[in-house]
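Here is my notebook from an afternoon of looking things up. Come along and check each entry against the picture.

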Amino acid sequence: MSYKLFRKILEELKDIGVEDLWFDGWGEPTYHTRFEEMARDASRYFNLGLVTNGTMAMERVNAIKENFSWVFVSVDVANPDEYSKVRVGSNFSIVDNAIRELVRNGVEVWISSVLMRSTVKDVLNLVEWASDVNASGILLSNLIATHPHMAKEQLYGKLPPEEVPRIMFKARNLAMLKAIRIVEPFFEYRTDRRCPFIEERSFAITYDGKVVPCLFTLHTFDAWVDGRKSKIKQISFGNLGRKHLKDIWWSEEYVSFRSKVRLATYPSCNDCPFWEGCDIAGSNEYDCWGNSPTCSFCPYYRGIINCPRSYVVRWIVGA
Ligand code: SF4
Ligand code: SF4
């Protein structure tokens with residue numbers, strides 16, 4: 001994101017009354033060459049949250065300490081060998097040292113972990129390690145597979161693996177003993193649908209200024225959901241390089257989209273008997289009820305995917 005666009009975005013966010021701003025998305029905010037400056041500028045007006053893979057956190061300790069209220073570091077497994085298989089090219093000890101340094105500097109660090117078949121057995125070890133580094137809590141989520149070989153790693157679905165409730169029970173108890181707060185996702189589809197973005201009046205902005213409703217539709221990509229491939233098309237309601245946020249937020253199209261999500265007027269592909277063979281469900285462009293775009297098979301909507309958000313932390317700490 002260019003610095004000029006970032007400054008314009010800050011003005012737009014102030015104008016519409018935004019309170020919390022998160023530096024995250026499907027990228028790494030601390031790699032931005034003007035990260036410190038951007039954090040300083042934004043923290044003058046907003047409560048800031050950061051989601052980082054932690055590899056640059058040691059170099060950014062001061063900027064993080066001085067500007068961010070909530071810090072989530074992505075660590076999926078606390079075993080160095082397994083970690084380097086999951087996060088190829090990253091080094092567990094670098095991230096471990098950075099987290100300890102952040103905590104030493106008074107930063108409340110949360111661990112954000114994506115659970116997978118190959119790593120779920122290590123959850124107890126993750127809780128032990130999170131306690132050892134004095135993390136404030138662990139936010140667990142499920143995997144959005146972006147490649148067929150990743151699909152085998154998913155733990156959720158119509159029939160989640162049998163061992164998951166047993167492992168989670170143990171992890172919950174250990175977390176209680178260690179005074180570590182733990183937030184779990186659902187592993188099977190429930191009737192309730194609640195979009196964490198729309199309900200909390202959140203939205204996302206892409207690096208080039210597009211206003212999108214959520215992280216799931218931040219960009220166009222292929223996802224493997226419940227054993228089949230679906231194209232997730234980016235949903236954009238306008239670009240802040242050309243329009244004001246107020247005009248985008250109150251546009252008929254965006255207001256109507258938010259109402260539909262809140263009222264859940266979408267079919268439920270996740271438990272539809274035609275899911276495997278339904279061509280319509282091959283993308284989020286439309287559904288069999290005539291909605292376009294659609295949220296009919298979104299895993300965030302069912303609580304399967306969790307993402308770090310201010311309301312999660314506020315809910316946990318009762319603030
Ligand atoms: S689009 Fe309709 S028919 Fe197709 S999987 Fe979803 S709910 Fe079923
Ligand atoms: S339900 Fe899913 S796709 Fe729809 S806005 Fe929410 S997160 Fe995005």
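In which loop is A179 found? I found A179 in the loop between α8 (163–177) and β6. Helices (H or I, at least four residues) and strands (E, at least two) are DSSP runs, numbered from the N terminus.

**Ground rules.** I am working with a predicted model, where local features need pLDDT of at least 70, side-chain atom pairs count only at pLDDT 80 or more, and totals for chains, interfaces and linings use all residues. Residues are numbered from 1 along each chain as its sequence is written, and chains are lettered from A and ligands numbered from 1 in the order in which they are written.

I looked up phi for A179 and got a positive value of about 60°, although A179 is not a glycine. Most residues other than glycine have a negative phi, and most peptide bonds are trans. Is A179 buried or exposed? A179 counts as exposed because it has 9 C-beta neighbours inside 10 Å. My cut-offs: a residue is buried with 20 or more other C-beta atoms within 10 Å of its own, exposed with 12 or fewer, and partly exposed in between, with C-beta atoms placed from the backbone.

I also noted a cis peptide bond between S292 and P293, with omega about -5°. P293 lies in the loop between α11 and α12 (310–317).

**The open sheet.** I traced 6 strands in an open sheet, ordered β1-β2-β3-β4-β5-β6, with parallel pairing. Two strands pair if DSSP finds at least two bridges between them. The edge strands are β1 and β6 (181–183), and each pairs on one side only. From one strand to the next, the twist averages 20°; axes here are lines fitted to C-alpha atoms, for helices over the stretch in contact, and angles run from 0 to 180 degrees between N-to-C directions. Strand β5 (residues 137–141) runs parallel to β6, and 3 bridges join them. L139 has V183 in β6 as its bridge partner.

**A hairpin.** Next I followed β9 (residues 221–225) and β10 (residues 228–232), which pair in the antiparallel sense over 5 bridges. A223 stands opposite S230 in β10. The two strands form a hairpin with 2 residues between them, and D226 in the turn has a positive phi of about 45°. D226 is partly exposed, because 19 other C-beta atoms lie within 10 Å.

**Helix α11.** I checked the length of α11 (residues 252–263): at 1.5 Å a residue its 12 residues should span 16 Å, and its end C-alpha atoms are 16 Å apart, which agrees. The expected span is 1.5 Å times one less than the number of residues. Of the 12 residues in α11, the count of buried ones is 1, so I wrote "hardly covered".

**Around the ligands.** A residue counts as near a molecule or strand if its C-beta atom, placed from the backbone, lies within 6 Å of it. The residues around ligand 2 include C195, F197, C214 and Y300. By class, that shell has 11 nonpolar, 1 polar and no charged residues. Ala, Val, Leu, Ile, Met, Phe, Trp, Tyr, Cys and Pro count as nonpolar, Asp, Glu, Lys and Arg as charged, and the others, Gly among them, as polar. Ligand 1 is surrounded by residues including C269, W275 and D287, and its shell divides into 9 nonpolar, 1 polar and 1 charged.

I finished with C214, found in the loop between β8 (211–212) and β9. C214 counts as buried, because it has 20 C-beta neighbours inside 10 Å.
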